[in-house]
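Hello,

Here is the structure I said I would pass on. Please look through it first, then read the notes below.

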Amino acid sequence: MPQLIVVDRKGNERTVSGDSGLSVMEVIRDNGFDELLALCGGCCSCATCHVHVDDAWVAKVGGPTEDESDLLDSSDFRQDNSRLSCQIGFSDELDGLKVTIAPED
Ligand code: FES
């Protein structure tokens, strides 16, 4: 099972496992990080699943779609490495991916 490294808002880092085929948001949520609200349940309409992708992974993860990018624009904490975690499919190829939960808007 691929592993995901999650840094919470306090800076604590934890490595969790998640099934390939889930979204990164689902992996984070299913592992008890309640600060990732994911209010819309993953349909790209709330932006409460905002994460910053570790620089080493940005190229592999890729950038946001246009709709996702529009939503990210609503955040004060958007950075070049911002993604909505519900829009990143988790897979063996992303084993070891590291993301930081963005501050709450
Ligand atoms: S969970 Fe709402 S946009 Fe990702």
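**Notes on the structure**

Leaving out neighbours within four places in sequence, Ser82 is in contact with His50, His52, Leu72 and Ala102; two residues are in contact if their C-beta atoms, placed from the backbone, lie within 7 Å. The model is a predicted one: local features need pLDDT of at least 70, side-chain atom pairs count only at pLDDT 80 or more, and totals for chains, interfaces and linings use all residues. Residues are numbered from 1 along each chain as its sequence is written.

Ser82 lies in strand β4 (residues 82–84). Is Ser82 buried or exposed? Ser82 counts as buried because it has 21 C-beta neighbours inside 10 Å. The cut-offs are these: a residue is buried if 20 or more other C-beta atoms lie within 10 Å of its own, exposed if 12 or fewer, and partly exposed in between, with C-beta atoms placed from the backbone. Ser69 is 13 residues from Ser82 in sequence, and the two are 8.9 Å apart in space, C-alpha to C-alpha.

As for the whole protein chain, it has three helices and five strands, in the order β-β-α-β-α-α-β-β along the sequence. Helices (H or I, at least four residues) and strands (E, at least two) are DSSP runs, numbered from the N terminus. Buried residues make up 30% of the 105 residues. Of the contacts in the chain with a separation of 6 or more, 63% are between residues 24 or more positions apart.

Two strand pairings involve β5. β1 and β5 run parallel and are joined by four bridges; Val6 has Val99 in β5 as its bridge partner. β3 and β5 pair in the antiparallel sense over three bridges, and His52 stands opposite Thr100 in β5. Two strands pair if DSSP finds at least two bridges between them.

The largest nonpolar core has 21 residues, and those with the most contacts inside it include Leu4, Val24, Phe90 and Val99. Such a core is a set of buried Ala, Val, Leu, Ile, Met, Phe, Trp, Tyr and Cys residues joined through C-beta atoms within 7 Å. Two or more residues of this core come from each of β1 (3–7), α1 (24–30), β3 (50–53) and β5 (97–101). α1 gives the most, with four residues. Phe90 touches Pro2, Leu4, Gly18, Ser20, Leu22, Ser23, Val24 and Val27, not counting residues up to four places away in sequence.

Regards
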